[in-house]
Amino acid sequence: QVQLAESGGGSVQAGGSLRLSCTASGYSYSSNSNYCMAWFRQAPGKEREGIASMNLSGYGTSYADSVKGRFTISQDNAKKTLFLQMNSLKPDDSGMYYCAAVRASAAGVCPLAQNAYKFWGQGTQVTVSS
């Protein structure tokens with residue numbers, strides 16, 4: 001069973017930066033065992049939104065238009081950690097941020113749809129003030 005734990009959330013002023021981390025355990029990643037991992041966020045009263053995804057074998061990435069050019073997804077395979085570097089933060093970026101994972105059959109771009117992912121972390125809160 002894959003377990004995910006997010007950290008790095010907090011409060012920041014508009015224009016600032018934060019780096020979120022997602023530490024994974026309970027899986028063995030290899031060239032024959034590929035995973036898609038992604039970051040999602042959910043603001044109060046809104047649906048959960050996929051914002052960035054990464055294919056761990058091919059390093060292919062995908063971003064939602066709302067964060068493209070400001071957020072960067074990356075990984076440290078040795079530490080089984082996924083990162084989300086968030087720059088030029090806006091109040092609309094506030095919400096609970098979740099990481100998610102799913103076994104993937106092949107290299108390529110990973111989806112941003114939440115129903116594509118099987119494993120989820122508990123989330124970390126990000127608050128951006130104006």
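This is a predicted model: local features need pLDDT of at least 70, side-chain atom pairs count only at pLDDT 80 or more; totals for chains, interfaces and linings use all residues.

Biologist: What makes Cys36 and Cys110 a disulfide?

Modeller: The sulfur atoms of Cys36 and Cys110 are 2.0 Å apart, and the limit is 2.5 Å, so the pair qualifies. The torsion about the S-S bond is about -80°, which is why this disulfide is called left-handed.

Biologist: Where in the chain do Cys36 and Cys110 sit?

Modeller: Cys36 is in strand E4 and Cys110 is in the loop between E9 and strand E10 (119-120), 74 residues apart. Strands are DSSP runs of E with at least two residues, and helices are runs of H or I with at least four, numbered from the N terminus.

Biologist: Why is Cys36 called buried?

Modeller: Buried means under 20% relative accessible area, exposed over 50%, and partly exposed in between (1.4 Å probe, protein chains only). Cys36 has 6% relative accessibility, so Cys36 counts as buried. Cys110, at 2%, is buried too.

Biologist: How many disulfides does a search of the whole structure find?

Modeller: Two. The other joins Cys22 to Cys99, with 1.9 Å from S to S, and with 50° about the S-S bond this link is right-handed. Cys22 in strand E3 and Cys99 in strand E9 are 77 residues apart. Cys22 is buried at 1%, as is Cys99 at 0%. Numbered in sequence order, the bonded cysteines pair 1-3, 2-4.

Biologist: On to charges. How do you know that Arg41 and Asp93 form a salt bridge?

Modeller: A salt bridge is a side-chain nitrogen of Lys or Arg within 4 Å of a carboxyl oxygen of Asp or Glu. For Arg41 and Asp93 the closest N and O atoms are 2.8 Å apart, so the pair meets that rule. Arg41 lies in strand E4 (residues 34-42) and Asp93 in the loop between E8 and strand E9 (95-104), 52 residues apart. Arg41 is buried at 7%, and Asp93 is buried at 1%.

Biologist: What is linked with Arg41 and Asp93 in a network of salt bridges?

Modeller: Glu49 and Arg70 belong to that network. Arg70 forms a salt bridge with Asp93, again with 2.8 Å between the closest N and O atoms. Arg70, at 11%, is buried.

Biologist: Which side chain meets Asp65 in a salt bridge?

Modeller: Lys68 does, at 3.2 Å from N to O. Asp65 has a relative accessible area of 67%, so Asp65 is exposed, while Lys68, at 49%, counts as partly exposed. By this rule the count comes to four salt bridges.

Biologist: What does the lining of the largest cavity have, by class?

Modeller: Six nonpolar, three polar and two charged residues. Among the lining residues are Cys22, Tyr27, Met37 and Lys80. Strands E3 (18-25), E7 (71-76) and E8 (81-86) each supply at least two residues of this lining.

Methods. Residues are numbered from 1 along each chain as its sequence is written. Side-chain values use heavy atoms; hydrogens and water are left out. On a 1 Å grid over the protein atoms alone, a cavity is a set of points where a 1.4 Å probe fits but cannot get out, and a pocket is an open set with protein on both sides within 12 Å along at least five of seven lines; lining residues have an atom within 4 Å of a point. Ala, Val, Leu, Ile, Met, Phe, Trp, Tyr, Cys and Pro count as nonpolar, Asp, Glu, Lys and Arg as charged, and the others, Gly among them, as polar.
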